[in-house]
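Let's walk through this one together, going from the whole chain down to a single residue. Have your viewer ready.

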Amino acid sequence: MRVPKWMSVLLAVACGAVVSSCGRETNTAPNTSGAAREVTFGCLTSLTGEGATYGLATRRGVDLALEEINRKRPPGKPRVAVVYEDDRLDATVGRTAFQKLVSVNHVPAVLGAFGSSVTLAIAPIAEQNKIVLFSASSTADEIRSAGKYVFRNVPTNSTQGATAAQFVRDRLH
């Protein structure tokens, strides 16, 4: 399956932001070979259940982008790794999975969740722990006020219709 270019670009930007600006140590220790540290971030998505089609596509896209990012990283810069957690598109499961990424894996940022209900459920945990949460698909209007550590790059539910109509008018007509 071909991964959309936007997904690779999105992940590259998110990884770059995590690596360059978080300033938070991850759970990895320096190795004895003198190689650079590894920066690990989380990816919370639906790997099973009704959203698995999207979650598995996200995983393939993230894996491809990480492969490219790590292949092109400058010498001495840390490798980027990801820890996946399955939210099954369920808010309760998502909270537990996100808490594990925070408390066990000590990630500075999380890509996901796919569903707005999960994003809204984990936003307070992200805020409390100052973990950057970036969703490329959560559209609920309430996410705009979910906190200063919660981001997305998709229009809200209330603006999608107008945005689509404007696109059709401006680009397709």
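Predicted model: local features only at pLDDT ≥ 70, side-chain atom pairs only at ≥ 80, totals over all residues.

The chain has 173 residues, and 41% of them count as buried. Among contacts with a separation of 6 or more, 56% link residues 24 or more positions apart.

Now turn to strand β3, residues 109–112, which has a partner in strand β1, residues 38–45. These two pair in the parallel sense over 3 bridges, and C43 stands opposite L111 in β3. Strand β3 also runs parallel to strand β4, residues 132–135, again with 3 bridges. Here A109 stands opposite V132 in β4. To get from β3 to β4, the chain passes through α4, and this β-α-β crossover is right-handed.

That brings us to helix α4, which spans residues 116–129 and includes S116. Is S116 buried or exposed? S116 counts as buried because its relative accessibility is 17%, and the cut-off for buried is under 20%. What does its side chain reach? The side chain of S116 comes to 2.8 Å from the backbone nitrogen of T139. Beyond its neighbours within four places in sequence, S116 is in contact with S138, T139, A140 and I143.

Conventions: Residues numbered from 1 in each chain as written. Heavy atoms only, no water. Buried < 20%, exposed > 50% of the residue type's maximum accessible area, 1.4 Å probe, protein only. Contact = heavy atoms within 4.5 Å. Helix = DSSP H or I, 4+ residues; strand = E, 2+ residues; numbered from the N terminus. Polar contact = N/O pair within 3.5 Å; in protein donor to acceptor, adjacent residues only side chain to side chain. Pairing = 2+ DSSP bridges. Right-handed = clockwise from strand over helix to strand, strands pointing away.
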